[in-house]
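Reader: I am new to this structure and would like to go through some of its side-chain and helix contacts. Please show it first.

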Amino acid sequence: MLNELIKTTVRKLCALAGIQIVPLTKHQKELMGNDANLRYRHFCIQDAITMQRGQITLKEARFLGQLVSNLETKGPIIEIGTLFGWSTRIICLFMDNGRELITVDNYSWNPFGLPPDMHFETTRTVLKDEISSGQPQLMKMSNTEFYNIYSGLSPALIFIDADHEYEAVKMDIEGAKKLGAKIICGHDYDERRCPGVVKAVDEYGGPKRLVGSLWVL
Ligand SMILES: C[S@@+](CC[C@H](N)C(=O)[O-])C[C@H]1O[C@@H](n2cnc3c(N)ncnc32)[C@H](O)[C@@H]1O
């Protein structure tokens, strides 16, 4: 009880000072116990380099690449949920020259707690080579805003990987249908971690294809 109170107070004070405390995992605590040289910052650096949280795996990336390189229809590719541009770069690597790629994010979440403007700047820097070659176009806005303002060609493919709550995914699928997307796919079809994604995707007939947790309607 007292422990919890101390933790909450420290967290609040840190938040006021602009510091975010991310608890170590059990495994990280064990490693720290076994190695006197390990510091908290080492785990932060490791997290930043390995970027395991929130991004598609290599196997899923290969599958996404296949979907993109096999596109037969005209129209842009839309990605909902850019984060730091990992899946965006996969799409860039596999898409035809001349195809448009629009990636949408409101920069509301990232695993390091970077503030939205810094998150956006970081992603823009990660993608600077691609952006200077013409694609992708980064749109800093919510999925809802995007579906309301978009007036271009029907997308050849929409990749949904933003808010994983049921209502949000349902809204993304509806948005994709409204725009006439030929292929609707997304990430995190995983009952344990993201039940909302599974529920929403199942309501639209379930995945026709599933690799890892990357689903295609
Ligand atoms: C799981 S990450 C995307 C990972 C990325 N596709 C990848 O594999 O590298 C989810 C992203 O969706 C964004 N997001 C969350 N809710 C959103 C919303 N309503 N509209 C737009 N973006 C949103 C977050 O800011 C975050 O960057």
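Reader: Which aromatic cluster do F146 and Y147 belong to?
Author: This is a predicted model. F146 is buried, and Y147 is buried as well. The two residues share one aromatic cluster with a further tyrosine, and the members are F146, Y147 and Y150.

Reader: Are the rings of F146 and Y147 stacked or edge-to-face?
Author: Their centres lie 5.9 Å apart. Planes over 60 degrees apart count as edge-to-face. The planes of F146 and Y147 stand at 65°, so the pair is edge-to-face.

Reader: How many residues apart in sequence are the parts that Y107 and F120 tie together?
Author: The structure holds 4 aromatic pairs. One of them joins Y107 and F120, edge-to-face, with 5.1 Å from centre to centre and 65° between the planes. Y107 lies in the loop between β2 (101-105) and α6 (116-126), while F120 is in helix α6, so the pair ties together parts whose separation in sequence is 13 residues.

Reader: Are Y107 and F120 buried or exposed?
Author: Buried means under 20% relative accessible area. Y107 and F120 are both buried.

Reader: Is α2 oblique or roughly antiparallel to α3?
Author: Helix α2 (residues 26-34) packs against helix α3 (residues 40-50) at an angle of about 135°, and their axes are 11 Å apart. Angles over 145 degrees count as roughly antiparallel and those from 65 to 115 as roughly perpendicular, so the rest of that range is oblique. That angle makes the arrangement of α2 relative to α3 oblique.

Reader: Which residues in α3 do Q28, L31 and M32 meet?
Author: Q28, L31 and M32 belong to α2, which passes α3 in a right-handed crossing. Across from them in α3 are Y40, F43 and Q46.

Terms used. Residues numbered from 1 in each chain as written. Predicted model: local features only at pLDDT ≥ 70, side-chain atom pairs only at ≥ 80, totals over all residues. Heavy atoms only, no water. Phe/Tyr/Trp six-rings, centres within 6.5 Å; stacked < 30°, edge-to-face > 60°. Helix = DSSP H or I, 4+ residues; strand = E, 2+ residues; numbered from the N terminus. Buried < 20%, exposed > 50% of the residue type's maximum accessible area, 1.4 Å probe, protein only. Axes fitted to C-alpha atoms, helices over the stretch in contact; angles between N-to-C directions. Parallel < 35°, antiparallel > 145°, perpendicular 65-115°, else oblique. Left-handed = near helix turned anticlockwise from the far one by under 90°. Contact = heavy atoms within 4.5 Å.
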